[in-house]
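Here are a few notes from my pass through the model. Have a look at the backbone and the strand pairing as you read.

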Amino acid sequence: MMAGTNTATTTLTVRTPLLALTALASLWLAAPAQAQTQNYPVTPAQRATAQQVAQAGVPIGELAPNAPDSYTVKRGDTLWAISGLYLKRPWRWPELWGMNLQEIRNPNLIYPGQNLYLDKSNGRARLRTGPAGRGSAMDTVRLSPHTRYETLAGNALPTLRSDLIEPFLAEPIIVDENGLAHAPRIVATQENRVLLTRGDRAYARGDASAPLKDDPGKASEFRVFRNATPLKDPDTGTVLGYEAQYLGKARLVRGESTSTDDGVDGKSQAEIVPATIDIVSAKEEIRVGDRLLPEPPRQFLSYTPHAPQGEVKGRIVSVYGSAVVNAAQNQVVVINRGTSDGIESGDVLAIVKDGQRLVDPTDPARAHIKLPDERNGLLMVFRPFEKLSYALILEITDGVKVGDRVVNPR
C-alpha cells in the first residue's frame with residue numbers, strides 16, 4: 001500500500017540565536033568547505049573586552065552616526081561592512097560581540113537572513129535578536145513538511161570580500177637581495193620561442209649545488225618570477241627587501257640529468273640535460289632567464305581585523321601592480337613595517353595625510369603655516385614579511401600615495 005502524502009502543517013517555537021556580528025570570521029581562501037565549520041580561537045584580551053562590554057553595553061557615543069535600529073543580513077554582505085554600520089571603529093568587533101555575549105555560541109559565523117535589532121537605553125547600546133521590549137518572547141514559525149539540504153558553512157559571511165585579497169596571496173613575494181639570483185631559471189624554449197604562455201614547454205636549471213630534480217618530496221609546482229625591485233624605506237632610504245614580479249605558474253615534468261656522448265675525438269663527454277617544465281598559467285609572457293620558486297603549500301587563512309598590539313608608525317612604500325604613485329580603495333599597498341616590528345595579519349592601521357604647507361594669505365608677514373594632519377582612511381595587513389607587509393586599503397577619503405603615514409587607528 002502506498003503511503004499518502006502528509007500535508008499537515010506543524011507549528012514549532014524556534015529561538016534564533018545571534019551567532020555574531022563581526023567576531024572571528026574568516027576568509028576561506030583555498031580551504032575545503034567542510035573545514036569551514038571549525039571554531040577559531042578568541043584571544044583572552046578579546047574575550048575580556050567582550051565580557052566587560054556585555055555587562056553594560058556600548059556607550060551610544062561609540063555607535064556609528066547612522067546605526068540602523070534593525071538590519072537583515074543579506075548575501076554579499078561582509079562582516080566588516082556590517083560592523084561599520086553599527087560602530088565608528090569597525091575593527092573593534094569585541095564590543096559588538098559583547099553587546100549580545102549571552103546569546104553567542106559561535107563567534108565565527110553569521111548567515112544571510114538573520115535579523116539584528118539595536119536596543120538603546122540609559123545611554124548604552126546592546127544588540128538583540130528581537131525588537132526592544134520583546135523580552136523573552138520566542139518567535140513562532142510555521143513549518144510545512146518538506147526536504148531541504150543546505151550547507152551552512154558555505155553561506156557564512158566573510159570578514160572582507162575574498163576576491164580583493166585572494167590574487168595577492170599567490171602573486172607578490174618579498175625576497176632578499178639574492179633570493180631570485182639562486183633560484184632555478186628557465187634556460188631554453190622549444191623552437192627558440194622568445195615568449196612563453198600557457199601550454200608551452202620550456203627547460204630549466206638550478207644552481208650547480210642544487211639541480212632541479214624531480215625526486216620524491218621535492219617541489220613539482222612552481223611560480224615564475226622576474227626582476228627584484230628594491231623597496232626602500234621612505235624615511236631612511238634603506239632597502240628593506242625586493243619585490244619579485246609574478247608572471248605565472250609552471251609544473252616540473254622531468255628533472256635535470258646528465259648524458260654521456262662520445263665526442264669528435266672519441267672521448268666520452270658528460271652533458272647537462274635541463275629539466276623539462278610546462279607553463280600551466282601565465283599572467284604575463286614568460287621568457288628565458290625568468291626564475292622559479294616552489295609553490296607554497298595551500299593554507300587555510302583567516303583574518304580578524306583588529307588594532308595592533310603595540311604602537312605602529314610607518315609609511316606606504318609602494319602601490320602593488322601599478323605604475324602610478326596613487327592608490328584607491330580596494331588596492332594593495334606595501335608598508336615599511338613587518339613581523340620584526342610586531343605586525344601580524346589582520347592589523348588595521350589608519351592612513352594619515354600630511355597637512356598642506358602654505359603661506360597664510362591673511363598675515364601681512366606672509367607667515368608659513370602647516371595644516372593639521374588628517375586621517376585619510378584605513379588599511380588592513382594581510383601578508384606580513386620580516387620588514388615589509390602587504391595591506392588592503394579598506395576605505396579612503398582621498399587618494400593614497402607612496403610616502404603617506406600609517407599609524408594606530410583611533
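1. Start with Asn122, which sits in the loop between β4 (115-121) and β5 (124-128). Keep in mind that this is a predicted model. Asn122 isn't a glycine, yet its phi is positive, at about 55 degrees.

2. Is Asn122 buried or exposed? Asn122 has a relative accessible area of 78%, and exposed means over 50%, so Asn122 counts as exposed.

3. Arg366 is another one to click on: a residue other than glycine with a positive phi, near 55 degrees. Look for Arg366 in the loop between β20 (357-359) and β21 (368-370).

4. How accessible is Arg366? Its relative accessibility comes out at 48%. The exposed class takes values over 50% and the buried class those under 20%, so Arg366 lands in the partly exposed class.

5. Strand β22 covers residues 374-384 and strand β23 covers residues 389-396; seven bridges link them in the antiparallel sense.

Definitions and conventions. Residues are numbered from 1 along each chain as its sequence is written. This is a predicted model: local features need pLDDT of at least 70, side-chain atom pairs count only at pLDDT 80 or more; totals for chains, interfaces and linings use all residues. Side-chain values use heavy atoms; hydrogens and water are left out. Helices (H or I, at least four residues) and strands (E, at least two) are DSSP runs, numbered from the N terminus. Buried means under 20% relative accessible area, exposed over 50%, partly exposed in between (1.4 Å probe, protein chains only). Two strands pair if DSSP finds at least two bridges between them.
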